Amino acid sequence: MDWFDAGRRRSRELFDSVVPAAYEVRPIPLRNPICFYEGHLPAFNANTLLKRGLGEEGIDRDYEVLFERGIDPEDESAVGLGASRWPPRKAIQAYGDASDRAIREALLEKDITRDDNPVLARGLAAYTILEHEPMHQETLRYMWHRLPYEKKIRPAETPSPVVNGGPPAREMVRVPAGKATLGADRASAVFGWDNEFPLCVVEVPEFRIDVHDRTNADFLEFVEAGGYEKSELWDDEGWEWIQSSRVRHPLFWERHGGEWSWRGMWELVPFPASWPVYASHSEAAAYARWKGLRLPTEAEYHRAAYGAPDRPERSYPWGEEPPDATRGNFDFASPDPMPVGSFPAGASAWGVHDLLGNGWEWTSTVFSGFPGFSPMPSYPVYSTDFFDGKHYVLKGGSPVTSKVLLRRSFRNWFRGNYPYLYATFRCVK
Ligand SMILES: [Fe+2]
């Protein structure tokens, strides 16, 4: 109940940080307008726990269809098929309140862990709605990021950006050959999304990996060397994207009065040379190619993050202790990135920094299920809609990734040319 209430409260705060005039705005062209998400969260809860799980009627059939699913279309022509006129905010909020009341009642009083029902077995539907909420909070945050500052209401206690000097010296460490355990064991995991199962053990050959994420300072060299004009550095999809969208630098960078700055969540920040560069997979891969390096595979990320010499793999890069504010920039600790290497207590056994938090890490691995994958009964299309060869796995977490999503097996995925999320990269060879 506390988890549910805290999640709903944070979502409400997010929707209240947008001015009313922006309510039906679509800050990212390929996503629904803001109002959709205020209806989607409670509708998803009703659809998943009340209807699919408990076999009940739900709260409002029309809303539970209208707000059922977000979208991830290939281009803008596929958007706009939703409602042409959204319900007024008061009505959406009233629906949300009714859904919240029904979910609270279900969590407190109904049989939500029935083993004879695959949707409810071991509390599957309840965990599904509890984790769905913070996942959306993150996507909402990077959507809000794109809104003009005058359309946002900055919370009073928001910390100021930390920009201190240049990045640490570039350095790579050797990670010896060994096993990486991806995924999780169905029988022992409390909860996981379908793409986290089953366990998948991979033998990883020796490699070298960046101690720190590539920074804005690093990426500036690529921009100034004409990296965006050299077609040989880009894959076909990436080249086509930067040509058609006239991309010449990372989305978070802006040019004002001849100087680069960084578009922060609440303010424009003087160019933060030591922050991890936020970039799309296409940009990350082009940069790596330019350096004669490459992006890590998902298994290499696991080796670098969770492997340890002569020991079993760890639950977190730093060991077994649960995540807290000393280990990394996550769980809404800061609205924007911090300089790389700010959390030595979060380093992995090999001394690799910031593997959890401060920005998701792109891998070169195309998103798919591990051998033995099966869709989850509580949300059967969660992953399968994206097994299309066009999405890449990201690992780690961002400043606004909830700490409940920082478990080892959690996987994120996006299209290679999607520039909006808080994602960075490091290189390997
Ligand atoms: Fe959703």
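**Note on the predicted model**

1. Start with the contact between two helices. In α1, the residues Phe4, Asp5, Arg8, Arg12, Phe15 and Asp16 meet Arg89, Gly96, Asp100, Ile103, Arg104 and Leu107 of α4. By class, this contact of α1 with α4 holds seven charged residues, four nonpolar and one polar. Bear in mind throughout that this is a predicted model.

2. How do the two helices run? The axes of α1 (residues 2–16) and α4 (residues 89–109) come within 11 Å and cross at roughly 170°. An angle over 145 degrees counts as roughly antiparallel, and α1 and α4 are therefore roughly antiparallel to each other.

3. Next, the metal site. Which residues are the protein donors of the iron ion? They are His40, His132 and His136, each through NE2, lying 2.1 to 2.2 Å from the iron ion. The spacing of the donor residues in sequence is H-x91-H-x3-H.

4. His132 and His136 both belong to helix α5 (residues 124–145). Because they are four residues apart there, about one helical turn separates them. An α-helix has 3.6 residues a turn, so residues three or four places apart point the same way. Are these two side chains buried or exposed? His132 is buried, and His136 is buried too.

5. How many disulfides does a search of the whole structure find? The search finds zero. Cys35 is buried, at a relative accessible area of 0%. Cys427 is also buried, with a relative accessible area of 0%.

6. Helix α6 (residues 216–224) has a buried set made up of Asn216, Asp218, Phe219, Leu220, Phe222 and Val223. What do these buried residues pack against? Their partners are strands β5 (253–256) and β6 (259–263), together with helix α8 (281–290). Just after α6 comes Gly226, with a positive phi of about 80°.

7. Helix α9 (residues 298–306) is mostly covered, with nine of its nine residues buried.

Technical notes. Residues are numbered from 1 along each chain as its sequence is written. This is a predicted model: local features need pLDDT of at least 70, side-chain atom pairs count only at pLDDT 80 or more; totals for chains, interfaces and linings use all residues. Side-chain values use heavy atoms; hydrogens and water are left out. Donors are N, O and S atoms within 2.8 Å of the metal (3.2 Å for Na, K and Ca); water is not among the atoms, so sites may look incomplete. Buried means under 20% relative accessible area, exposed over 50%, partly exposed in between (1.4 Å probe, protein chains only). A disulfide is a pair of cysteine sulfur atoms within 2.5 Å. Axes are lines fitted to C-alpha atoms, for helices over the stretch in contact, and angles run from 0 to 180 degrees between N-to-C directions. Angles under 35 degrees count as roughly parallel, over 145 as roughly antiparallel, 65 to 115 as roughly perpendicular and the rest as oblique. Contact means heavy atoms within 4.5 Å. Ala, Val, Leu, Ile, Met, Phe, Trp, Tyr, Cys and Pro count as nonpolar, Asp, Glu, Lys and Arg as charged, and the others, Gly among them, as polar.
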